[in-house]
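Colleague: Before we discuss this model, could you take me through its backbone, its helix packing and its aromatic pairs, one point at a time?

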Amino acid sequence: MSTFERYLSLWIALAMVAGIALGSAAPGLVNAIAAAEVASVNLVVAILIWAMVYPMMVGVDPSSLRDVVKQPKGLAITLIVNWLIKPFTMAALGVLFFEVVFAKLIAPEDAQQYLAGLILLGAAPCTAMVFVWSQLTRGDESYTLLQVSVNDVVMVFAFAPIVAFLLGVTDIVVPWETLVLSVVLFVVLPFLAGFLTRKKLGSEARIDAFQARVKPWSVIGLIATVVILFGLQGQVILDRPQVIALIAVPILLQSYGIFALAYGAAYALKVPHRIAAPCALIGTSNFFELAVAVAISLFGLNSGAALATVVGVLVEVPVMLSLVAFANRTRERFAPVSETMAEMPSANRPGT
């Protein structure tokens, strides 16, 4: 890692401060960025995320996609954690903190709104940023793409029923334009761009050299994204710091708990680290564009539910970076490469 990448957590912390300062010093600029939105997807943030995702997609070998299904354990862990565990533990933590632990600090009607926002976050696994976390942990590009793609398919059928069940409502309307636009922007287009780039570059050596050249721009895009996200919500953070902190508590516990569960299961099942790290990180991060869009449509732009989903956005980047660092430090605890290569598709083995 370069010196710049080694101190990424410091740059992210400075970016958070810079974003809040930007929101206070240049509200007109921040409002202009906020207005550049289509179907609840901010186009400025979308461009930056696309830039972050593209370098990893260059590493996806289309010919290896048919082989990744030969390693079902990582995919099974992701699906079980995302759809059978995560939504319900998020709801349980919300009830525990907003109706019991913080009951004297939060009005009952606000507590129900915050709980609804957490449920929406818990039922929406990540589509875009997980490619960045996978890249930072040297994850298997093809397998990560498979996991995200399968999750998106499941989301089409499972998101609305799970949210309706946990919220106790029957009129959940999935914002299909948000879901479709996000998948196209963050999965389909980067994959096609990566495929065309691979085809043009030709050899693996040239592909590796190209990825090395563009990787720093991916990290710069991450930092710029943090500045914008915190800039968009800077005034909310300054006006309601106590509420932000209270909402963040169950989100933090959920994030670290879900990661520990998925990562521990992958370790117990002897899943290679290149698959184990991304499969745990997918379950930990959230599809915040979808969660925010549904919260606004159900409860309104200035609702507590919308605020809770926004807190999820703000918490995610520093939390995920800490988990990326942990995954990288514990890489050697997984089976040695010599033991896992036999289980890996030949196209994804180091040096092939």
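Colleague: Where is the place of Ala39?

Modeller: In this predicted model, Ala39 is not a glycine, yet its phi takes a positive value near 55°. Its relative accessible area is 25%, and it therefore counts as partly exposed. As for its place, Ala39 lies in the loop between strand E1 (37-38) and strand E2 (41-42).

Colleague: What is the phi of Ser40, which is not a glycine?

Modeller: Ser40 has its place in the loop between E1 and E2, and with a relative accessible area of 28% it is partly exposed. Although Ser40 is not a glycine, its phi is positive, at about 65°.

Colleague: Which residues is Gln233 in contact with, leaving aside its neighbours within four places in sequence?

Modeller: Gln233 is found in the loop between helix H11 (204-232) and helix H12 (234-239), where it is partly exposed with a relative accessible area of 21%. Its C-alpha atom is separated by 8.5 Å from that of Gly19, although these two residues are 214 residues apart along the chain. Once the neighbours within four places in sequence are left aside, the contacts of Gln233 are with Val310 and Leu314.

Colleague: Are H7 and H16 parallel or oblique to each other?

Modeller: Two packed helices are described by the angle between their axes together with the distance between those axes. For helix H7 (residues 108-122) and helix H16 (residues 304-329), the axes come within 7 Å and cross at roughly 45°. An angle of 35 degrees or less would have to be considered against the cut-off, since angles under 35 degrees count as roughly parallel and 65 to 115 as roughly perpendicular; H7 and H16 are therefore oblique.

Colleague: How many nonpolar, polar and charged residues has the contact of H7 with H16?

Modeller: H7 passes H16 in a right-handed crossing. On the side of H7, Gln113, Tyr114, Ala116, Gly117, Leu118, Leu120 and Leu121 take part, and they meet Gly304, Ala305, Leu307, Ala308, Thr309 and Gly312 in H16. Sorted by class, this contact of H7 with H16 comprises eight nonpolar, five polar and no charged residues.

Colleague: Is Phe334, whose ring pairs with that of Tyr267, buried or exposed?

Modeller: The rings of Tyr267 and Phe334 have centres 5.4 Å apart and planes at 85°, so this pair is edge-to-face. It links distant parts of the chain, 67 residues apart, with Tyr267 in helix H13 and Phe334 in the loop between H16 and helix H17 (337-340). Tyr267 counts as partly exposed at 46% relative accessibility, whereas Phe334 has a relative accessible area of 5% and is buried.

Colleague: Which residues do ring pairs link into a cluster?

Modeller: Phe259 pairs with Phe326, and Tyr267 pairs with Phe334. With Tyr263 included, the cluster linked by ring pairs consists of Phe259, Tyr263, Tyr267, Phe326 and Phe334.

Methods:
Residues are numbered from 1 along each chain as its sequence is written. This is a predicted model: local features need pLDDT of at least 70, side-chain atom pairs count only at pLDDT 80 or more; totals for chains, interfaces and linings use all residues. Side-chain values use heavy atoms; hydrogens and water are left out. Axes are lines fitted to C-alpha atoms, for helices over the stretch in contact, and angles run from 0 to 180 degrees between N-to-C directions. Helices (H or I, at least four residues) and strands (E, at least two) are DSSP runs, numbered from the N terminus. Angles under 35 degrees count as roughly parallel, over 145 as roughly antiparallel, 65 to 115 as roughly perpendicular and the rest as oblique. A crossing is left-handed if the near helix is turned anticlockwise from the far one by less than a right angle, and right-handed if clockwise. Contact means heavy atoms within 4.5 Å. Ala, Val, Leu, Ile, Met, Phe, Trp, Tyr, Cys and Pro count as nonpolar, Asp, Glu, Lys and Arg as charged, and the others, Gly among them, as polar. Rings of Phe, Tyr and Trp (its six-membered ring) pair if their centres lie within 6.5 Å; planes under 30 degrees apart count as stacked, over 60 as edge-to-face and the rest as tilted. Buried means under 20% relative accessible area, exposed over 50%, partly exposed in between (1.4 Å probe, protein chains only).
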